[in-house]
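Hi everyone, thanks for coming.

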Amino acid sequence: MPSLLVPLLLLCGVGSLGFPTATPGAQDQDVRTVQKYLENYYNLKSDGKQIVRQRNSSLVTEKLKQMQEFFGLKVTGKIDADTLSVMKTPRWEHTHLTYSPYVCFISFQGLKTTPQICQEQMWTVPWRKPFDSGVTSRPLTFTKIFEGQADIMISFVWGDHYDNSPFDGPNGNLAHAFPPGPNLGGDAHFDEDETWTNDYRNYNLYRVAAHELGHSLGLSHSTDIGALMYPNYMYDGDVQLSQDDISAIQAIYGPSPNPVQPTGPQTPQVCDSNLVFDAITTVRGEVMFFKDRFYMRQNPFYPEVELNFISTFWPNLPSGLQAAYEFAERDEIRFFKGDKYWAAQGQEMLYGYPKDIYRSFGFPQTVKNIDAAVSDEESGKTYFFVANKYWRYDEYKRSMDAGYPRAIATDFPGIGHKVDAVFQKYGFFYIVHGTTQYKFDLQTKRILSIDRVNSWFNC
């Protein structure tokens with residue numbers, strides 16, 4: 001996948017410093033950094049006096065403990081290397097930032113990018129929205145200017161554009177931005193050789209711009225695949241800050257002053273014992289597990305479980321799917337959310353979807369969503385689980401079988417009254433409720449084994 005690169009930052013190690021009385025190794029600059037940080041982001045009242053060096057300053061100790069606890073550092077109330085590292089992360093000294101899109105409009109040479117995308121998709125409002133949301137102690141705001149030197153200068157360039165980070169033509173490095181600072185600091189450059197779009201095709205300008213803005217604010221890359229600051233380009237519909245992004249921006253600009261901290265979506269951990277899946281289905285023989293925006297699968301070509309965005313395969317699908325099943329006879333996968341469903345063959349979404357479940361399958365209007373679905377390859381019957389009942393649909397006749405719905409507890413003894421996900425593998429149904437999976441023999445109506453659902457991932 002093409003990567004979004006930020007110029008390298010030089011990270012300098014710092015030694016441990018004692019507190020409340022600073023050790024001889026504590027430089028004046030470090031003391032000033034600590035005091036200013038606590039004043040700006042933890043409401044330390046100093047009345048203009050330097051109180052960080054004062055002996056037995058319980059107020060500073062308490063503020064340091066609050067900061068260390070929030071960022072997951074060792075809570076000591078002392079100035080140590082990790083605490084200083086967080087405080088020294090490059091940041092803007094002011095939070096009312098200006099940006100200039102002027103060079104965007106004069107740099108276009110009639111190549112692949114259009115001024116219309118630049119105007120409508122990037123420079124009006126949305127690219128800055130994820131960070132302009134009150135997640136920090138002092139809200140970050142952005143003002144567009146067309147004259148003078150802005151904090152964040154934005155330009156479309158190609159090849160060697162004299163910043164020691166030349167672009168490499170189509171694909172590869174898409175864009176880069178510099179951390180806060182004077183001159184080039186904060187500036188963002190986009191490769192004019194790329195094909196920029198405002199949807200899922202090629203490279204979505206909005207998503208790339210939001211990622212680069214993170215660098216302009218001081219954020220580095222994240223190892224969390226669900227984070228906006230993950231280094232590889234991935235399209236995922238709505239651009240939003242994950243919990244990892246929120247924690248990172250708060251590490252630089254301080255936590256929100258609100259009593260309830262803002263939160264963002266978290267990336268599922270495949271071996272989390274409490275992980276509950278939204279839907280599970282086979283796809284051409286492989287089992288795919290869905291959770292929020294993500295899919296998981298045990299791919300024979302990868303040593304670890306593959307975790308990625310659903311949009312990687314199916315960019316038109318919504319997140320938070322509620323059910324899915326494969327009808328292998330037609331090489332078709334159907335995905336359900338609410339009273340709508342989508343269909344795909346492999347990675348190709350079929351035309352004319354979404355459709356409603358009432359006209360296509362004959363559900364009554366009282367059914368508002370499907371909890372789980374599975375198609376039995378041998379009989380061509382598809383089982384739809386809704387609340388404590390299930391329907392059986394004939395894929396060949398394209399109609400519901402008579403006598404349904406029936407109670408789940410009656411025909412699937414031992415499973416309980418509700419099914420969250422189900423799929424067929426090796427001739428058996430694997431029925432999931434919560435974190436528990438039941439291997440079920442449809443012919444004998446017996447449970448053959450019980451396991452955790454993520455046992456498929458060798459957890």
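This is a predicted model: local features need pLDDT of at least 70, side-chain atom pairs count only at pLDDT 80 or more; totals for chains, interfaces and linings use all residues.

Residues are numbered from 1 along each chain as its sequence is written, and side-chain values use heavy atoms, with hydrogens and water left out.

Helices (H or I, at least four residues) and strands (E, at least two) are DSSP runs, numbered from the N terminus.

Let's look at helix H2, residues 58-70. Which residues of H2 are buried? They are Val60, Thr61, Lys63, Leu64, Met67 and Gln68, where buried means under 20% relative accessible area, exposed over 50%, and partly exposed in between, with a 1.4 Å probe and protein chains only. Seen down the axis of H2, these buried residues fall within an arc of 165°, so they line one face of the helix; that arc is taken from the directions from the helix axis to the C-beta atoms. On the face turned away from the buried side you'll find Ser58 and Glu69, both exposed. The buried residues of H2 pack against H1 and H3, with contact meaning heavy atoms within 4.5 Å. Just after H2, Gly72 has a positive phi of about 70°.

Now on to helix H7, residues 243-253, where eight of the eleven residues are buried. Among them are Ile246, Ile249, Ile252 and Tyr253. Following H7 comes Gly254, with a positive phi near 90°.

Finally, the strands, which pair if DSSP finds at least two bridges between them. Strand E13 (332-337) runs antiparallel to E14 (340-345), joined by five bridges, and Arg334 stands opposite Ala343. The two form a hairpin with two residues between them, and Gly338 in the turn has a positive phi of about 60°. E14 also pairs antiparallel with E15 (348-349) over two bridges, where Ala344 partners Met349. That is a hairpin too, with Gly346 in its turn. Two bridges also join E14 to E16 (355-356), again antiparallel, with Tyr341 partnered by Lys355.
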